[in-house]
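Student: I would like to go through this structure by question and answer. Please begin with any term that I will need.

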Amino acid sequence: MCGRLIGGGRTQAEMTAIVEGFVYPSKPIKIDANAPDPETGYNIAPTQQVCLLYPQEGHQLVSTTARWWFVPLWHKGSVQDWKATTFNAKIETAHEKPTFRNAWKDGRCLILATGYYEWSGTKANKQPHRIYVEQNQPVMLFAGLQAQRKDGARTCTILTREALPEISDLHPRMPVILNGEEAEQWLGHAENDAQIRSSFGTHWDGRFRHHKVAKFGARDDGPQLIESIENTLI
């Protein structure tokens with residue numbers, strides 16, 4: 001799963017510029033000036049605003065923000081009234097679930113972050129780990145789904161899949177992290193759904209990096225959260 005993201009202190013504009021430079025050098029990305037400010041720190045939690053990219057009509061990419069806890073458009077109450085746990089969705093089944101299937105067709109997006117955390121150990125002694133992938137760009141592209149409500153507010157979820165062997169000891173599932181080619185195919189529906197469900201996000205074997213970090217609280221923040229403690233006494 002994926003329950004905490006790392007923004008690395010980068011603003012929406014900085015995240016967007018990095019992705020534009022590395023992934024879409026010939027396709028300028030429009031920034032939504034009316035979007036709420038995202039969380040940019042080192043301990044981004046579900047229900048907070050995160051950075052994302054989505055395609056508008058005409059294939060113009062837009063950089064905006066969304067509340068990280070998906071609420072389907074058919075839900076008539078407020079986003080706070082939605083009780084199901086939907087900050088993650090399984091890529092294997094999202095296309096057929098009533099909560100996500102419309103967004104699978106019309107609300108695909110990329111959620112931007114520099115890494116995430118996972119916990120190992122027993123419930124009484126959870127050990128956090130910082131996880132990221134080794135690549136040329138410092139921003140990771142998480143496959144996501146988003147929906148915009150009548151009041152203009154957006155919500156989103158991060159897709160997950162069975163974890164690759166090198167990180168499966170931390171958790172049996174992992175977020176679906178895309179490379180540039182996969183990102184374009186995901187947003188543009190340029191690959192069939194069966195191929196997306198079976199292979200997207202699985203090519204990072206050997207390139208995942210993770211290390212133990214100091215235990216932290218729900219409201220803690222700062223670059224010290226991602227520092228390795230593996231060479232220190234704990």
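Tutor: A residue is called buried when its relative accessible area is under 20%, exposed when it is over 50%, and partly exposed in between, with a 1.4 Å probe and protein chains only. This is a predicted model, in which local features need pLDDT of at least 70 and side-chain atom pairs count only at pLDDT 80 or more, while totals for chains, interfaces and linings use all residues. Residues are numbered from 1 along each chain as its sequence is written, and side-chain values use heavy atoms, with hydrogens and water left out.

Student: Is D193 buried, partly exposed or exposed?

Tutor: The relative accessibility of D193 is 26%. Buried needs a value under 20% and exposed a value over 50%. D193 therefore counts as partly exposed.

Student: With which residue does D193 form a salt bridge?

Tutor: A salt bridge is a side-chain nitrogen of Lys or Arg within 4 Å of a carboxyl oxygen of Asp or Glu. Helices (H or I, at least four residues) and strands (E, at least two) are DSSP runs, numbered from the N terminus. For D193 the closest N and O atoms are 3.1 Å apart, and the pair links helix α4 (residues 193-199) to strand β6 (residues 108-113), 85 residues apart. The partner of D193 is R108.

Student: Is R108 buried or exposed?

Tutor: R108 has a relative accessible area of 3%. The limit for buried is under 20%. R108 is therefore buried.

Student: How many salt bridges are there by this rule?

Tutor: One of them joins the side chains of R173 and E92, at 2.7 Å from N to O. R173 is in strand β11 (residues 173-175) and E92 in the loop between β5 (88-90) and α2, 81 residues apart. By the rule above, the count of salt bridges is four.

Student: With which side chain does the side chain of T64 make a polar contact?

Tutor: T64 lies in strand β4 (residues 61-68) and is buried, at 2% relative accessibility. A polar contact is a pair of N or O atoms within 3.5 Å; within protein, one must be able to donate a hydrogen and the other to accept it, and residues adjacent in sequence count only if both atoms are side-chain atoms. At 3.0 Å, the side chain that T64 meets in this way is that of D32.

Student: Leaving aside neighbours within four places in sequence, which residues are in contact with P172?

Tutor: P172 lies in the loop between β10 (154-162) and β11, and at 56% relative accessibility it counts as exposed. Contact means heavy atoms within 4.5 Å. With those neighbours left aside, the residues in contact with P172 are R161, E162 and A163.

Student: What is the volume of the largest pocket?

Tutor: On a 1 Å grid over the protein atoms alone, a cavity is a set of points where a 1.4 Å probe fits but cannot get out, and a pocket is an open set with protein on both sides within 12 Å along at least five of seven lines; lining residues have an atom within 4 Å of a point. Grid points are joined across faces, edges and corners, and a volume is the space filled by probe spheres set on the points. The largest pocket is lined by 18 residues, with P55, Q56, H59, L187 and G188 nearest its centre. Its volume is about 290 Å³.

Student: Which element gives the largest share of the lining of the largest pocket?

Tutor: Elements giving two or more residues to the lining of the largest pocket are β3 (49-55), α2 (101-106) and α3 (180-188). The largest share is three residues, and it comes from α3.

Student: What is the volume of the largest cavity?

Tutor: The structure holds one cavity of 30 Å³ or more. Residues including G7, M15 and P38 line the largest cavity, and β3 gives the largest share of this lining, three residues. The volume of the largest cavity is about 30 Å³.
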